[in-house]
There are 4 protein chains.
Amino acid sequence: MIPDILASRYASTEISAIWSPEGKVRLEREFWIAVMKAQRNLGVDIPETAIAAYEKVRDRIDLESISQRERKLRHDVKSRLEEFCELAGYEHIHKGLTSRDLTDNVEQLQIFRSLRILRIKAVAVLHHLADRSLRTKEIMIVGRTHNVPAQPTTLGKRLAMFGEEIMFALSRLDHLIEHYPLRGLQGAVGTRLDQLVLMNGDEKKARQLSRQVLEHFDCPAAMNAVGQVYPRSLDMETVQALITLSSGISSFARTMRLMAGQGLATEGFQKGQVGSSAMPHKMNARTSERINGFHQVLNGYGSMLSRLSGDQWNEGDVSCSVVRRVALQGAFFTSDGQLEAALTVLSEMEFYETTIAQELRQYLPFLASTTLLMEAVRKGGGRESVHEAIKEHAVVVAEKLQKDELSQNDLAQRLAEDERVPLDLQEIEAVLNDPERFAASAPEQAETFAEKVEKWTGRFPEAKKIVPEELI
Amino acid sequence: MIPDILASRYASTEISAIWSPEGKVRLEREFWIAVMKAQRNLGVDIPETAIAAYEKVRDRIDLESISQRERKLRHDVKSRLEEFCELAGYEHIHKGLTSRDLTDNVEQLQIFRSLRILRIKAVAVLHHLADRSLRTKEIMIVGRTHNVPAQPTTLGKRLAMFGEEIMFALSRLDHLIEHYPLRGLQGAVGTRLDQLVLMNGDEKKARQLSRQVLEHFDCPAAMNAVGQVYPRSLDMETVQALITLSSGISSFARTMRLMAGQGLATEGFQKGQVGSSAMPHKMNARTSERINGFHQVLNGYGSMLSRLSGDQWNEGDVSCSVVRRVALQGAFFTSDGQLEAALTVLSEMEFYETTIAQELRQYLPFLASTTLLMEAVRKGGGRESVHEAIKEHAVVVAEKLQKDELSQNDLAQRLAEDERVPLDLQEIEAVLNDPERFAASAPEQAETFAEKVEKWTGRFPEAKKIVPEELI
Amino acid sequence: MIPDILASRYASTEISAIWSPEGKVRLEREFWIAVMKAQRNLGVDIPETAIAAYEKVRDRIDLESISQRERKLRHDVKSRLEEFCELAGYEHIHKGLTSRDLTDNVEQLQIFRSLRILRIKAVAVLHHLADRSLRTKEIMIVGRTHNVPAQPTTLGKRLAMFGEEIMFALSRLDHLIEHYPLRGLQGAVGTRLDQLVLMNGDEKKARQLSRQVLEHFDCPAAMNAVGQVYPRSLDMETVQALITLSSGISSFARTMRLMAGQGLATEGFQKGQVGSSAMPHKMNARTSERINGFHQVLNGYGSMLSRLSGDQWNEGDVSCSVVRRVALQGAFFTSDGQLEAALTVLSEMEFYETTIAQELRQYLPFLASTTLLMEAVRKGGGRESVHEAIKEHAVVVAEKLQKDELSQNDLAQRLAEDERVPLDLQEIEAVLNDPERFAASAPEQAETFAEKVEKWTGRFPEAKKIVPEELI
Amino acid sequence: MIPDILASRYASTEISAIWSPEGKVRLEREFWIAVMKAQRNLGVDIPETAIAAYEKVRDRIDLESISQRERKLRHDVKSRLEEFCELAGYEHIHKGLTSRDLTDNVEQLQIFRSLRILRIKAVAVLHHLADRSLRTKEIMIVGRTHNVPAQPTTLGKRLAMFGEEIMFALSRLDHLIEHYPLRGLQGAVGTRLDQLVLMNGDEKKARQLSRQVLEHFDCPAAMNAVGQVYPRSLDMETVQALITLSSGISSFARTMRLMAGQGLATEGFQKGQVGSSAMPHKMNARTSERINGFHQVLNGYGSMLSRLSGDQWNEGDVSCSVVRRVALQGAFFTSDGQLEAALTVLSEMEFYETTIAQELRQYLPFLASTTLLMEAVRKGGGRESVHEAIKEHAVVVAEKLQKDELSQNDLAQRLAEDERVPLDLQEIEAVLNDPERFAASAPEQAETFAEKVEKWTGRFPEAKKIVPEELI
């Protein structure tokens, strides 16, 4: 048998358990039992002993036996139904249910439970990022735009920047979870015909049934008007929330790869990991690359589901079946694997402060040009002429450095000697030697980020204790 | 010059105005003025008369003149800056701003204002759907799954079903709008260096500046830690909200096309429209097809933006530039065009009740099988044997009807004659002649939907008055 | 363990075998042996007995043992290498190879062999389509555009139409296969350093090595300048070829679903299949729906791979790793499952000729309007006035039929009575009673299609014998 | 009016002319005339003078006049038809044509002509790449995998690597062009009914008509069995060919951005370009970023079109209409803009050889490890123990360099002193001082690439003369 790659290599045991064949059968049985209890509450003739019998055998899951039934019956739901009834010795489940009443709801419960797990992991990612961000909020670093040095920032601020993108996505994921609507028991075309017949046409009872089932599973909302299936745009929305969550994580990983390439950072080595035999010195940012890979995979699953949205025919069809089978569990495995990988990087990454400081020294005269301009204007220089002078010299120095015609950045001297610039070398160096002023709001932004994260860890304190599973 | 196809053929004048070159220049000037006012409030030396001078010339927009400057300066922001300053006769705008401080915020304002317009149109779509749904909540119709007759439902319920999918998307769009965060004035790498220098290092003032600008534009939130640009996943999220909104609309349109093909409905003819000359009888569901087309276009724009998300390098780069230029306005034009088209279909569509009733009659004996089963069991029939009997006859009759070996559905007679079924013809026909019982909760679901819509129209009463522009 | 859904439910055993863990290990060993033989031929010191020893144990694949090694070594290639060497009792494989020299080529061979299998299945699909098309080339059917009746065509022509779309895709797939370039043994950054060292700097021998390996695997081409990896756009191209192949198949399936909905066709029932218990009459086009679902899944995998293309950093990185693991085998399982499903539908589908004929009768007066116009003009009618008359009556009749104000299409009478139309009822009915003339080139187009298919079955005669595996 | 962004900012005048409103009207008229001539040749009664009259006014295109007609007639084809006829004073065009006979073919001709232009530009890109590659084939450079130094390669080889990816895409584009099939005159549902009637049922003449039209436009192939439209998977294939072409270009641009970030290269400055005023030293790889942006845009258009493929209903529908309007011209403008941008970068880019050499010196001891291992083994060292020694020292040195605990890479000394390594410092330095040996096949691969390019420039010599339009 060919194992699912994502589950076997990347996803955590917790998420895998939800989507495994056993996990699905267990959840389905839980759903049948919950419906049975609610039906009994509302007067349907189901003996207490029957419910007890079903509960007793709920976890006796024999996939091979179910599979044999399916080969005979050629109907998946029916074979699982028969198996469960035979184990329990009763026939009281699935009353007034169509197949989709069962499968759509069970799949939604898998989704719902997975979302809640991922939410906590996302909070854990933020927790680690905030921690690192605070600890490095004052470390000056060359900020880059267009991938070339631009202005100084701080390392902690850079981490906070990615963190805030992740936090924005977390808010939206949270909003989805807190409003996630279950399809409920709505029958073959969504009119609740069968449940109504079972309740002798009592609309109120049919609604109560629905409410009791929701409560059992701690679900926040139910749908009102659906067809055979719930709208597939909900699946797209769900996976889209994971994609958005992946975006900040992925940008962070990409920047880790860039920083590794410049010798500024390493994502850390897994203990015992064998480096490339041909190139033992290499500190590859493999996990960061993997995080970026997950991002693409997730987008692909999102793309599959987006192709179901807006394509419902009448009360529904099953061109969605294989797509959802592949894309939903795939997306959850991927997102979970990505969060695990991110947690690993976050706890093992290191920054090379010496190299970081060297790089800053090298570029500082350039990066300080705005500040020098301001100082010069303050001392009476003409804005336009000072700007012109700075530009001229900066371009020349940059070029000479590239071509090795200069061994050191001498922009300061050049500016001091230019009569358009009313600053002497001492004054210029005073600016350059005071890098903290270039940090501007960066440290404060890191702090503000960390404060926001605390609201999340306050709500989900268990996130602080999460330890990623060991990566393969 | 090649005109933008979406703007020239599909988008409304209101949305086009926001994204037109003039509209963008006007908004940019509005932004500069708002910043200037806030800076003055906070002590920056800007004379009141200067602000007045800028305000006076705000709407004197000469694209050709700007364009000539750009050819000379080779810098777009600088050329618009010079133009505005020369018109006003002052040089007080753009203080402490980098190009992105201007352009990112202005683009976000275009987005924000467009979102608010689309929200109202989406409410208008729901208003029409609810109205039609209520009026047709009792009209029985053949519900279809897998595109073949399944169980009865009502026309109003079918409309409500699509409506609820749209409403779910509207909630999420609304959530986005109510939390939409503006990047604000954050400088070249996001540390607010230039504004801080301008405010003499006063962090509090820098924050106040930001707040005052937000208030001017009625924006709900600001970002804290960003780079040169705001995270591009926000753009993805934004367009994704439009895609989700498109999904329910698109499923509705697809079902209109199916119903037109079965002769059950028409989306209506535009006045004066020339039918195909070769096929004058044809009532093509062209606008519904167009709605579906818009859905694919929107997804394509979403795909473009999703490729920027998770790909930020350090503090940002501009590989996003051309992508956002194309995809953002494209997405808004498309979504707007789709809503306009949907409003047109909703106000002109007609349902052929006679054909609908005929179809129902033809299939009713099949569709009633669950109910007949229940009745038979109630009269003492064995569940399994009655089910077997119904199945046998149903398959035979279905096949014979297909092959024209039967002129009429005689399932009722066959069942009455089968001894496994303890119902006589009269009893069976009593069931068949009482179609309302098959409607089950459908009418009530339509009502519930309409009640939910009223909450939206209560919040946005202007939505009720929206009339779509004439389609090309 | 969670099984791969696509492999376990949809893909054929032949394709699964290629991508299974065992299959991959076997192919990898085949590759190592082929390289060893070529190296020996070119003078590398490898004893014949060693090669024989490796060949002898090639198929002794113990995944558990490999897995244990990997847990210890934390390096996948190394663990498989050790396992194979230990089994053989020699250490002669992998000389001068980097990991990617092994894995990239082995993956390409999996792809290449899979492509060749799918090509034959695609020919088999065409073979069935051509057969059906020929047998139904004269059966008149209502041609539909915009999903409403337009002009007559024939059933065989309709099938040929989808067939030609598939054939176009097959040509491109074939072109890909016949030019598929293998990366070859190129070393860590693509300069062939290690092989060159092994061959003492003899460029010619290095090229010969490459050629001999290609020949062993019957591959048509090799790459010249690559990095650590081959360009990932080749993977995108490969899966794109499968997506294109899927397009015609998917359009065919979609039309089957529409025809099923109109009662014109059934895709057939699998033997023993239990219909929906609640709706036993339903003949759902489930397999056609599945085919459409596969199309979306395939596109999603294509989307994953497209996100690797154009994103190579320097000589390569492994952000592609997880993406390719998921998407490549996923795409092949999907495409294979789709072809299997298509073959099943093609061999079991039935068309209801009576219903088809009825529908034609109902619409014929409309569909014949162009021809009637021509006849009327030929008899001296004014083109414009005749057209006007036809249009007026057609619209009225269409509307009255929809509203049940007419029990029968009486367009013929109305035209005969209109003085603008110089045809009497007899003449009009002569046209209507001669439907063959409306078929125009349709039968001939079906024949031409079948002739083209014969060229493919001539080249791949085994395609005629392909029988799909039983669907789950 | 809102101008099309891609056309107005990025696409060349040549491509824009094909897709402009005027260009489309002109091509449509050319098509009508070609059909008329062929019809006359085959005996249809069309006077020579009429054809001459049409030809005379072909270029008198008054979009405003056409637009006025359309507002009145509400039918786009009809309004252009009337305009042309009135200008010519005849009514002989459009005989036996349906709207799609005109529009589908004209759009295909726009596509076909655009493809041929892009092919030449792609050859021009290769020509420049080959030229640069040859000139730099010996310049040693640090090859990077995982974005960190791996093994040496040459600059020319790196360029050749991207070039070969582009060349692979060009082959496939070429194959598409040389087999591009035109839909032809097939009538409302593809049965050629109207042309057959016009030719009095003479199938042979109908085929000749098709052939003569093909020849007029120099098209290689025609379709046989289509519906109202040609299969939309052809459009997907077409744009996919552009995406594949974009991939190698885009990977090249991405590596330029990385090299710019490391100070190894610049894409050059446009003459007169104003650098960022705040950061005058910055040499941003803006055009390379733009090239990457185009790649994402192109993929988005591909995604739009992929959503039409496999979704044909019966003989066709127009849910494709707005999608094709947007995506086809968008894709061609984008691809053209990308090729123009690539040509600009290729002619202006510079490499900083000093910095390149410095980087190589810094990493060489690491990069040489494989070679040192080989040498040591040759001198009698144990493979495993030498490897272990190299690994140990390499990791230590790498770490110390990062942390600035070493000012220089002293791996050579360390190895010389380690007794497991039977090489002295002199021997080790002999290896390090002979960098050419590390180049391995790189220079030859660059040459081979250039030779392959010559075949293309031989076939399309005009490619050598192409000069990109100035970028905005």
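Two residues are in contact when heavy atoms lie within 4.5 Å of each other. This is a predicted model, in which local features need pLDDT of at least 70, side-chain atom pairs count only at pLDDT 80 or more, and totals for chains, interfaces and linings use all residues. Residues are numbered from 1 along each chain as its sequence is written, chains are lettered from A in the order in which they are written, and side-chain values use heavy atoms, without hydrogens and water.

Of the interface residues of chain C, 99% are also interface residues in chain D, so the copies meet through the same surface. Chain C is superposed on chain D by a rotation of 180° with 0.0 Å of shift along the axis, at an RMSD of 0.1 Å (least squares on C-alpha atoms of residues with pLDDT of at least 70 in both). That is the relation of a two-fold axis.

Helix 13 (residues 321-348) of chain A and helix 12 (residues 286-306) of chain C have axes that come within 7 Å and cross at roughly 30°. Helices here are DSSP runs (H or I) of at least four residues, numbered from the N terminus; axes are lines fitted to C-alpha atoms over the stretch in contact, with angles from 0 to 180 degrees between N-to-C directions.

| Helix | Residues that meet |
|---|---|
| Helix 13 of chain A | A:Val322, A:Val323, A:Val326 |
| Helix 12 of chain C | C:Arg290, C:Gly293, C:Phe294, C:Gln296, C:Val297, C:Tyr301 |

By class, this contact has six nonpolar, two polar and one charged residues. Ala, Val, Leu, Ile, Met, Phe, Trp, Tyr, Cys and Pro count as nonpolar, Asp, Glu, Lys and Arg as charged, and the others, Gly among them, as polar.

Terms used: Helix = DSSP H or I, 4+ residues; strand = E, 2+ residues; numbered from the N terminus.
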